[in-house]
Amino acid sequence: MRKRALVVGLGIAGMSAAIGLRRAGWTPVIVERAPERRTGGYFVGLFPEGRQAAVDLGIADHLHTRNPQRAARANSWSVDRRGRRRPALGFLDQPGEPAAVLRGDIEAALWQNITGVEVRFGTTPVAITEGPAEVQVLLEKADTGAQYRESFDMVVGADGMRSSVRRIVFGPDEDYLTTWNAMICAFQLKEQVPSYEASDSVIIARAKRAVWVFGLADHAPTALLTYRTTDIQEQFSGSRVQRLRSVFSGMDDPVVRHVLDSLEEAPDHLFDSVHQVRMPRWSKGRVVLVGDAAWCMNLYSGMGATSSLRGGAALSAALLEHPDDLAAALDAWATGLRPFITKHQRTARLKQQMFVPSSRRAEALRSVLLGLVRRIRGRRPATEAVGPRTRALSGTSR
């Protein structure tokens, strides 16, 4: 008899885990709090480990990437305090040559590969009780409030940074969320900033606040507003748009004005505080956490989607290696994955300075360092500079 697993969450981590479970011979059932599948989403960079995981999960052929063609000049521009634009290193110029996608592109590819998996929308777990050979889960329907119990051989919490599964089984959020004293707002623009090419990226990084526009090959850009604050709770009071207009007042630049005006017209956006999730263990008995629920590295790391895909692929491999010993499988999975997670959680602090400098001094140092790196890269032969990006995309574009 096939073992059954309850996967909580229909995002990248949840669908990756479901595909991995099915490949390992399990029968996954997905429950999702939302009434329907979300689409769209903000810019995501998919690094080599994520692209390999997409291959391992069998979704690479369905994954649409959106890297702009490299222009003779720059695709990325930095705007200084005098409003002057200069060629810059953008997010896609990082080591690893990340593939540009929208969050929804990855979820669409995953969705095509979970055909036949039972998905229950508007459903959440409210109690999880582990027995000697199974996990009893009390599930609740959002529309009626009706509750019912069901047994599974394993529960996978893939329900994000503020995971309900983690809260029920492992304890309150405060035990695991680290505070970064920063906020983010990400959303899609209807159109590019005036006077820029359609696929250009634009960066305005000032002390404690920054505006990023991520250009894409065949889609309107997405925007990121991020800023540092010592009063996180206050940021959630009142109108979000007015809050952001107040935070970015004084940055009187056409790019900033366009992004703020576009926010008012955006059908949806992500507005949240920045945290990391730090846990000594990602599993407890027959309950395991994956993705942001287990190790949220935050947006500054740029590794959220990559680690979620890798987590699902690695879970599949571990279960296949230890088909009759769940504890051994989960231990092997965590042992293999944790060094990668720990490395990128640590480097996220440095990357935060690249996204939003902590002071005027950090802003100046950032500018000098990135300018130096750009000049060094500019001296490479054209074949060396262009070749890796072409090779990186060849396996994931369509």
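Is the crossing of α2 and α9 left-handed or right-handed? The crossing of α2 and α9 is left-handed, a term used if the near helix is turned anticlockwise from the far one by less than a right angle, with right-handed used if clockwise. This is a predicted model, in which local features need pLDDT of at least 70 and side-chain atom pairs count only at pLDDT 80 or more, while totals for chains, interfaces and linings use all residues. Residues are numbered from 1 along each chain as its sequence is written, and side-chain values use heavy atoms, leaving out hydrogens and water.

**Helix α2 with helix α9**
- The contact (heavy atoms within 4.5 Å) is made by E49, G50, A53, D56 and L57 of α2 and T306, L309, R310, G312 and A313 of α9.

**Helix α9 with helix α10**
- Helix α9 (residues 304-321) packs against helix α10 (residues 326-355) at an angle of about 145°, with the axes 9 Å apart, and α9 passes α10 in a right-handed crossing.
- On the α9 side the residues in contact include R310, A314 and L315, and on the α10 side they include W333, L337 and F340.

**Confidence**
- The chain has a mean pLDDT of 92, with 94% of its residues at 70 or more; pLDDT is the predictor's confidence in each residue, from 0 to 100.
- Over residues 381-398 the pLDDT is below 50, and this stretch has 27 contacts in the model beyond near neighbours in sequence.
- Where pLDDT is low, the predicted coordinates should not be read in detail.

How values were computed. Axes are lines fitted to C-alpha atoms, for helices over the stretch in contact, and angles run from 0 to 180 degrees between N-to-C directions. Helices (H or I, at least four residues) and strands (E, at least two) are DSSP runs, numbered from the N terminus.
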